[in-house]
Amino acid sequence: MPTPSLDALPIRRLTLRDLTACADLSEDRGWPREEHKWSFLLTAGTGYGIDAPDGGLLSACAVTMYGRQERPDLGAIGMVLVAERYARRGVGRRLMRHVVSVTGTTPLTLHATPNGRPLYEELGFKVTGRAQMLRGHFAPAGPGAETMTGAETTSGARAAAGVTTRAATAEDLAGILRLDEEVFGADRTHIITRLPAFADQLRVAEEDGRITGYAAAWPNMDTHVVGPLIAHDTATATALIASLAAHTDRPLRTDIDVRHEELLAWAQQRGLEPVAFNAVMTYGITELPGDWRRRFAPVTVAAG
């Protein structure tokens with residue numbers, strides 16, 4: 001039988017039944033399998049994919065929408081992958097055009113690698129920022145760190161000149177949701193309410209009984225990814241990272257907006273090494289909504 005044209009292969013929605021195929025596709029491109037993250041993206045958002053004629057997925061991506069269901073404020077695109085044996089044949093372009101079409105007038109964002117950026121620019125996405133990926137074993141103390149963070153207890157409960165952090169409780173959820181929407185600029189209830197099950201840690205910073213920041217650490221292969229990281233200021237962000245690090249033996253990984261120069265310098269003093277830069281790109285808007293000054297790191301670059 002003749003092999004069907006790649007342009008004739010249907011694009012369909014993915015479900016959790018496709019989890020193994022998504023992980024296989026990641027592995028095919030030299031990425032970690034990241035089944036935990038794929039499961040999160042396929043349940044909190046929408047996956048799109050194309051079945052390969054020879055089995056498995058030919059291509060896939062995930063889209064996470066924020067705001068009102070009937071009229072979202074923002075959509076985040078991530079995990080755009082094409083199987084190596086079908087690369088450079090226009091498959092990724094076709095899948096991205098489909099996503100842009102089905103999302104209609106909803107503004108879009110994504111984190112682009114240097115390899116992916118030309119395609120997204122061709123489709124009309126513009127670079128509006130950059131994020132730096134850091135990874136490494138967190139060192140509880142480092143040269144010059146004391147001047148920024150102050151004393152820390154072994155529990156990580158106090159850091160950054162008196163900022164108080166603690167494990168989040170169910171009673172904190174309403175306050176976390178209010179703060180997150182204010183800072184992110186769109187309702188992320190369907191994401192935030194999944195964090196207690198998705199993450200190994202969810203911690204808050206507070207002052208006079210008021211939540212001033214929160215952060216999660218979720219497992220991804222052999223690391224703990226710090227994200228989201230929402231904080232009143234840099235001191236609060238450092239306190240949250242230090243408190244998360246105090247409760248894990250794994251290396252940490254996070255993706256920090258490069259405008260947060262002070263936090264990036266502090267993280268590198270504490271043992272997190274720069275790995276890569278991604279371009280933050282938008283479609284339909286000139287900049288992301290919300291307050292970037294308090295938005296330090298995304299849940300994951302795949303979901304914004």
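Analyst: Happy to. Let's start with strand β9 (residues 201-207), which is mostly covered, with 5 of its 7 residues buried; buried stands for under 20% relative accessible area, exposed for over 50% and partly exposed for what lies in between, using a 1.4 Å probe and protein chains only. Helices and strands here are DSSP runs, numbered from the N terminus: H or I of at least four residues for helices, E of at least two for strands. Please keep in mind that this is a predicted model, in which local features need pLDDT of at least 70 and side-chain atom pairs count only at pLDDT 80 or more, while totals for chains, interfaces and linings use all residues. Residues are numbered from 1 along each chain as its sequence is written, and side-chain values use heavy atoms, with hydrogens and water left out.

β9 has partners on record here under the rule that two strands pair if DSSP finds at least two bridges between them. One is strand β8 (residues 163-167), which runs antiparallel to β9 and is joined to it by 4 bridges. Within that pairing, T164 has E206 of β9 as its bridge partner. Another is strand β10 (residues 210-220), paired with β9 in the antiparallel sense over 7 bridges. There, V204 is bridged to Y214 of β10. β9 and β10 form a hairpin with 2 residues between them, and D208 in the turn has a positive phi of about 55°.

Strand β2 (residues 46-51) runs antiparallel to β3 and is joined to it by 6 bridges, with G47 standing opposite A62 in β3. The hairpin of β2 and β3 has 5 residues between the strands, and G55 takes a positive phi near 105° there. β3 also pairs with strand β4 (residues 72-82), in the antiparallel sense over 8 bridges; M65 has G75 of β4 as its bridge partner. The hairpin that joins β3 to β4 runs through 4 residues.

T103 is buried because its relative accessible area is 11%. Leaving aside neighbours within four places in sequence, T103 is in contact with V63, M65 and L108, where contact means heavy atoms within 4.5 Å.

Now for R250, in the loop between α9 and β12 (252-257). With a relative accessible area of 32%, R250 is partly exposed. Not counting residues up to four places away in sequence, R250 touches H137, P219, N220, M221, D222, T223 and H224.

To finish, what about helix packing? Two packed helices are described by the angle between their axes and the distance between the axes. Helix α9 (residues 234-245) and helix α10 (residues 261-269) have axes that come within 10 Å and cross at roughly 30°. The two helices are therefore roughly parallel to each other, since angles under 35 degrees count as roughly parallel, over 145 as roughly antiparallel, 65 to 115 as roughly perpendicular and the rest as oblique. The contact is made by T234, A237, T238, I241 and A242 of α9, together with E262, L263 and W266 of α10.

Notes: Axes are lines fitted to C-alpha atoms, for helices over the stretch in contact, and angles run from 0 to 180 degrees between N-to-C directions.
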